[in-house]
Amino acid sequence: MAPLQKRALYSFGIGLILTIALIAVLVAKGDVTAFERDPNLRIIMYAVLIGVPLVYLILVNITLRKPTQVDERDRLIIERSSRAQWLAVIFSLVAWTIALSEIYWDQGQVPIAFLNLIFMSSLIISTLAQSLGILVGYWRMNRNG
Amino acid sequence: MSPNQKMSWGNIVVWGSYLFILATVLAANGTILFWQEDSLRNAVFTITGVAVAAFIIMMLFVWIGASRAKVTIDERDHKIINRANALAGPIAMTALAVTSLVLSLVYVKDKNSVMSPYFLMYVTLINVVVYWLAQAIYTLVAYRRS
């Protein structure tokens, strides 16, 4: 396994665990307005928001500085994974828009707390998608030769 | 001119015009809350619909043209488009962050704890349009430099 591939796998795994923990906390709280009322929930949210990109930054960017650790193929995979990253963000935004519009259409108003959630989830999904894009890139390259 | 360049020019013309016309219409009406008036809402939907249709037609023209001319995409084209995607992503994310921040500030200032579902469409649309424009501009600059 290439160093970049290994680190992308760790980054994706840690990011996924943090995200699942966050979703569990949000579901346990039951209501999105808890984000405004509960400072502990906000701290957890901010920790995950900073944690997921930080894990990626440390594992994939900072510790992979030596030129011998990353070759032309790795750079190509990183660049290609950006496409997956953007697509994941767009699909998540579209999903948020459709879901919230349908749920709150009758009231005609969506709680403002969702705006924070949308932005934070986009950042987390973006980082996870980058790691996943790298893993898929290696998988496709190994499969196609 | 390669298909990437043609598509980039198309994106700049379509989405640049779209943003310009949309900004002009909203400025002329003095509001960004377009859904509050039927005529303005219809105008925004029509402009958006025309832009999407123009984008699809432009893509089809480029694709058919490239297929007929049997244009091959080489290593340089791949490199430029990959770099353009890598650059456009963070720019679009920044646009998303700025939009979310501005909207939050507007609503907090107005002491509102709710927003219209239409604002979510705004946020998504801005992300997509900014991404395509950033990608197109970088692609054209990269071809000019190489």
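Which residue takes a positive phi just after α1(A)? It is A:G30, with a phi of about 80°. Chain B has a counterpart to show you. There, α1(B) is followed by B:G30, whose phi is positive, near 70°.

Before going on, a caution. This is a predicted model. For chain A, the mean pLDDT is 82. In that chain, 98% of the residues reach 70 or more. Among the elements of chain A, α4(A) has the highest mean pLDDT, 85. The lowest, 74, belongs to helix α2, residues 34–37 of chain A. Where pLDDT is low, the predicted coordinates should not be read in detail.

Now the layout. Chain A has five helices and one strand. Read from the N terminus, the order is α-α-α-α-β-α. Chain B has four helices and one strand. Its order from the N terminus is α-α-α-β-α.

Next, the dimensions. The C-alpha trace of chain A spans about 55 × 30 × 20 Å along its principal axes. For chain B, the spans are about 55 × 30 × 20 Å. Buried residues make up 33% of the 145 residues in chain A. In chain B they make up 27% of 146 residues.

What about contacts along each chain? Take those in chain A with a separation of 6 or more. Residues 24 or more positions apart account for 87% of them. In chain B, look at contacts between residues at least 6 apart in sequence. Of these, 84% join residues at least 24 apart.

Let's look at the first helices. α1(A) has 27 residues. From first C-alpha to last it reaches 39 Å, close to the 39 Å expected at 1.5 Å a residue. α1(B) also gets this check. Its 27 residues should span 39 Å, and its end C-alpha atoms are 38 Å apart, so the two values agree.

Which residues of α1(A) are buried? They are A:L4, A:R7, A:A8, A:S11, A:F12, A:G15 and A:L22. Look at the spacing of those numbers. An α-helix has 3.6 residues a turn, so residues three or four places apart point the same way. The buried residues of α1(A) pack against α3, α4 and α5 of chain A. In α1(B), the buried residues are B:N4, B:M7, B:S8, B:N11, B:V14, B:W15 and B:Y18.

Compare A:W105. This residue sits in the loop between α4 and β1 of chain A. A:W105 has 11 other C-beta atoms within 10 Å, so it is exposed. A:W105 and A:I62 are 43 residues apart along the chain, and their C-alpha atoms are separated by 45 Å.

On to the core. In soluble globular proteins, nonpolar side chains tend to be buried together. Here, the largest nonpolar core has 54 residues. The members that touch the most others are A:L128, B:A92, B:Y131, B:L133 and B:A134. From chain A, the elements giving two or more residues are α1, α3, α4 and α5. From chain B, they are α1, α3 and α4. The largest share, 12 residues, comes from α4(B).

Zoom in on A:L128. Set aside its neighbours within four places in sequence. A:L128 is then in contact with A:F12, A:G15, A:L16, A:T19 and A:V52. Two of those names, A:F12 and A:G15, were on the buried list for α1(A).

Last, the interface. How many residues of chain B are in contact with chain A? There are 26, and they touch 27 residues of chain A. On the chain B side, α3, β1 and α4 each give two or more residues. α3(B) gives the largest share, 13 residues. By class, this side of chain B has 15 nonpolar, 10 polar and one charged residues.

Two bridges join β1 of chain A, residues 110–111, to β1(B). The two strands run antiparallel. In β1(B), B:M115 is the bridge partner of A:V110.

Methods. Residues are numbered from 1 along each chain as its sequence is written. Chains are lettered from A and ligands numbered from 1 in the order in which they are written. A nonpolar core is a set of buried Ala, Val, Leu, Ile, Met, Phe, Trp, Tyr and Cys residues joined through C-beta atoms within 7 Å. A residue is buried if 20 or more other C-beta atoms lie within 10 Å of its own, exposed if 12 or fewer, and partly exposed in between; C-beta atoms are placed from the backbone. Two residues are in contact if their C-beta atoms, placed from the backbone, lie within 7 Å. Ala, Val, Leu, Ile, Met, Phe, Trp, Tyr, Cys and Pro count as nonpolar, Asp, Glu, Lys and Arg as charged, and the others, Gly among them, as polar. Two strands pair if DSSP finds at least two bridges between them. pLDDT is the predictor's confidence in each residue, from 0 to 100. The expected span of a helix is 1.5 Å times one less than its number of residues.
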